[in-house]
Amino acid sequence: TYRKRYRYNRNLNFSVQTTKLNFKGDPDYLKNKSFFLTWSHSVDSRARPGTSFSASVNAGSTRFNQLIPNNAQLNFQNQLGSSITYSKNWAGKPYNLTLSANHNQNNRTRLINLSLPDVGFTVNTLYPFQKKEAVGSPKWYEKLGIGYNGNFRNQVSFYDTAFNLKRVIDTLQWGAQHNFPVILALPPILGGAVIVSPSVSYSQVWIAQQFRRKWNPAQQKVDTTITKGFFQDHQASFSIGFNTAFFGTYSFKKSRVMAIRHVVRPTFSLNYRPDLSKRNFYTDTVYPGVTRRFSLYEGGLYSGFSEGRTGGIGFQFDNKIGRAHV
């Protein structure tokens, strides 16, 4: 355990275990070497304002827990996980960055998954046409705002029974997702009675591989072909909303209730999403006489977007009544 006042607090434990079962020469003789690491780390928020780092690591050989003597709780603990996170935001800037590494393993199947590094980056809404020094009433286009949030992920998987670097690299999956929300605050219309709120959103994913399934009539099963490369999928949506408010007050002359105030807020909206992903779907046989619609990106870190156009109309009606007492 080591710490620095007003800076950080840490705890680290590394264990090595050698186990021998039965006698050498016996058919069930076992000699096993295993290790285990636990590490926790926390940083005082006052140490570096705008920056944080934390770690919770719980990892080791998949047989370590199984071979610990006289601890049934650990002997049957099959799921382990770890997380290390670093985040930073810049004072006076609209940027936020997050870096993380994650691990999970199953001691029964001996499968280990590692995700590192995972990167998240966010840009709060910016107004590119807004003047640095406001003079007079702002123009409508000065209220056009655009933001960004994105994620980049990597993942590898392997069994600790037969570690092979080439096979580990072959399991590498990576992907990214980008979102660009656009907002615009238009000036009220109809004498200021109606507020119009349009918005546009565009999203894009980067995918490292395609999965294509095809019926194999000779072996009577579905074969999967994986093609590695750089692939993209897109999605866009548009919406516009209209909202207004009506007010009314009824006063009483002789009553403990002075007046009743009535507020009605109707909202009407339209939304539409075009089909930008149709080319990423195909139909194939899953069984003689049975077909199914598949996505080329089904099974990836980012599975792509759904196909088909969608549109909708929404209407909301808020009705609020309040009273004022003597």
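Modeller: A polar contact is a pair of N or O atoms within 3.5 Å, where one must be able to donate a hydrogen and the other to accept it. Please keep in mind that the model we are looking at is a predicted one.

Colleague: What makes the pairing of the side chains of N179 and N149 a polar contact?

Modeller: The side chains of N179 and N149 come to 2.9 Å, and because the cut-off for such a pair of atoms is 3.5 Å, the value falls within the limit and the name applies. The side chain of N179 also has a polar contact with the side chain of S203, at 2.7 Å.

Colleague: Why is N179 called buried?

Modeller: N179, which belongs to strand 9, residues 173–184, has a relative accessibility of 18%. Buried means under 20%, so N179 counts as buried.

Colleague: How do you know whether Y297 is buried or exposed?

Modeller: The relative accessible area of Y297 is 2%, and since buried means under 20%, Y297 is buried. This residue sits in the loop that links strand 15 (290–295) and strand 16. Its C-alpha atom is separated by 28 Å from that of S199, which is 98 residues apart from Y297 along the chain.

Colleague: Why is F268 described as partly exposed?

Modeller: F268, a residue of strand 13, has a relative accessibility of 33%. Buried would need a value under 20% and exposed a value over 50%, so with 33% F268 lies in between and counts as partly exposed.

Colleague: What makes the nonpolar surface patch, and which residues belong to it?

Modeller: The patch, of about 540 Å², is made by F268, L270, I313, F315 and F317. A patch residue needs over 30% relative accessible area, and F268, at 33%, passes that limit. Strand 13 (257–273) and strand 16 (310–325) each give at least two residues to the patch, and strand 16 has the largest share, with 3 residues.

Colleague: How do you know that R10 lies over the face of Y8?

Modeller: R10 is 4.0 Å from the ring centre of Y8, and the distance cut-off is 6 Å, with a further limit of 35 degrees from the ring normal. The distance is therefore within its limit, and R10 is listed as lying over the face of Y8. R212 likewise lies over the face of Y282, at 4.5 Å from the ring centre.

Colleague: Which residues form an aromatic cluster, and how many aromatic pairs does the structure hold?

Modeller: F152, W174, W206 and F230 form one aromatic cluster, and the structure holds 16 aromatic pairs.

Technical notes. Residues are numbered from 1 along each chain as its sequence is written. This is a predicted model: local features need pLDDT of at least 70, side-chain atom pairs count only at pLDDT 80 or more; totals for chains, interfaces and linings use all residues. Side-chain values use heavy atoms; hydrogens and water are left out. Rings of Phe, Tyr and Trp (its six-membered ring) pair if their centres lie within 6.5 Å; planes under 30 degrees apart count as stacked, over 60 as edge-to-face and the rest as tilted. Patches are made of residues with over 30% relative accessible area and no salt bridge: like charges are joined within 9 Å, nonpolar side chains (Val, Leu, Ile, Met, Phe, Trp, Tyr) within 5 Å. Accessible areas come from the Shrake-Rupley method with a 1.4 Å probe; for residues, only the protein chains shown count as cover. A salt bridge is a side-chain nitrogen of Lys or Arg within 4 Å of a carboxyl oxygen of Asp or Glu. Helices (H or I, at least four residues) and strands (E, at least two) are DSSP runs, numbered from the N terminus. Buried means under 20% relative accessible area, exposed over 50%, partly exposed in between (1.4 Å probe, protein chains only).
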